[in-house]
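Let's take a walk through a structure together. Have a look at it first, and then we'll go through it piece by piece.

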Amino acid sequence: MATITIERKILEKNDQVAARNRSFFEARGIVALNLVSSPGSGKTSLLERTLAHWSGKVPLAVIEGDVQTDLDAQRIDRLGIPVAQIITNGGCHLEAHLVEGALQRIDLSGRGLLFIENVGNLVCPANYDLGEDAKVVIVSTTEGDDKPLKYPGMFHKASALIINKIDLAPHLSTNPGILRMNALKVNPRLTVFETSCVTDEGIAAWCSWIESMMNRKNHVIIPEISA
Amino acid sequence: MHELSVARNLVELIQREIRSGELPFVRTVSIRIGDLAGIVPESLEFCYKVVTDESPLAGSHLCFERIPFVVYCDHCRRSSHNPDGSMFCSHCSNAASSIVMGNELELTNIDVATPEEEHAWQRSP
């Protein structure tokens, strides 16, 4: 019996494509955010509110990942924003090559914002770099306050946490303070926001964080883009 | 259930790394998995069998090396083994500054039988 030493990352091929995507974004000054969460956390609603905030100020584009249907892409399309839907047909996460393919299908203007809405899943997407500038994990108050402790891998990889559906907190046993504390126990560097897509609470603060991400790429945000 | 995707990536990596002539003789594939890598070894083993079925790698099996989740603290300059994934130092309770290990998902080595061993193995009852 002979032993062949290899010592390579199993997902190195995904990482190589992710690096290509990252170079693509870098060359065009695009800020790419990978939105990850459980199913039903309100990712698409949050995205709609976020797009409404940025509409007319910077070029926008969206990549939607779902196991099935283009329902989310239809919602984004109704806002008049370029969108590409990835249907994974059972796949539980997006991979870098799927994003690379989707990038060919959307009108992606330079110096803009790209949102990648991952498949609803708090486990698998953590392993797959897509080339994004940051992962943003979204947890809604209806999911309880122990999610960060149950799924630490995802919270380690994220730069920001959004506690969504904060307007429902008074009606639930979930304690947003404990949720925040649990998340910071797993990742003390997380920036945390509390948002509601019903009252718009926290949307401005979350969008300010996005603006800081864009400033880091030397973006010039103009008050309104002429049509 | 991304273990299926990981198994496919693993097989592609093995095929890229070793000469195709040696593929029929692969016996053991050793991989390193961090406790926070989000991989269930039993699921990966199952998916690997499915992916390699009726391929030159059929009959080979996975051997796992588990890596604990360990963080390092700049304040007290010590490491903590935190099985719960916490990023706080278990010695001084400050926020740890870095992850030392625990996110690995790596192919480390492959045991390959010689043609003679393979021949003897196939002839054994």
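How much area is buried between chain B and chain A, and what percentage of it do carbon and sulfur atoms give? About 2,900 Å² is buried between chain B and chain A, and carbon and sulfur atoms give 56% of that. Keep in mind as you read on that this is a predicted model.

So who takes part in the contact? Chain B brings 39 residues, and chain A brings 30 residues. Across the interface of the two chains, B and A, there are 20 residue pairs in polar contact, counting pairs where both residues have a pLDDT of 80 or more. On chain B, helix 1 (3–17), strand 1 (26–34) and strand 6 (105–112) each supply at least two residues to the side that touches chain A.

Now for the charges. Side chains of opposite charge can pair when their charged atoms come close. Over all chains, the structure holds 18 salt bridges, and 5 salt bridges are found across the interface of chain B and chain A. One of them links A:K185 with B:D84, where the closest N and O atoms are 3.5 Å apart. In another salt bridge, A:K13 meets B:E12, with the closest N and O atoms 3.2 Å apart. Because A:K13 sits in helix 1 (residues 12–28) of chain A and B:E12 in helix 1 of chain B, this pair joins two chains.

Strands of a sheet pair through backbone hydrogen bonds, either parallel or antiparallel. Here, strand 1 (residues 2–9) of chain A pairs with strand 6 of chain B in the antiparallel sense, over 6 bridges. Along this pairing, A:I4 stands opposite B:I110, and A:T5 stands opposite B:N109.

What is the order of the strands in the open sheet? The sheet has 4 strands, in the order 1(A)-6(B)-1(B)-2(B), and the pairing is mixed. Strand 1 of chain A and strand 2 (61–67) of chain B stand at the edges with a single partner strand each, so one side of each has no neighbour in the sheet. From one strand to the next, the twist averages 20 degrees. Finally, look for helix 2 (residues 41–52) of chain B, which packs on the sheet and touches strand 1 and strand 2 of chain B. The direction of helix 2 makes about 155 degrees with that of strand 2 of chain B.

How values were computed: Residues are numbered from 1 along each chain as its sequence is written. Chains are lettered from A and ligands numbered from 1 in the order in which they are written. This is a predicted model: local features need pLDDT of at least 70, side-chain atom pairs count only at pLDDT 80 or more; totals for chains, interfaces and linings use all residues. Side-chain values use heavy atoms; hydrogens and water are left out. Contact means heavy atoms within 4.5 Å. Buried area is the accessible area (1.4 Å probe) that two parts lose on being put together, summed over both. A salt bridge is a side-chain nitrogen of Lys or Arg within 4 Å of a carboxyl oxygen of Asp or Glu. A polar contact is a pair of N or O atoms within 3.5 Å; within protein, one must be able to donate a hydrogen and the other to accept it, and residues adjacent in sequence count only if both atoms are side-chain atoms. Two strands pair if DSSP finds at least two bridges between them. Axes are lines fitted to C-alpha atoms, for helices over the stretch in contact, and angles run from 0 to 180 degrees between N-to-C directions.
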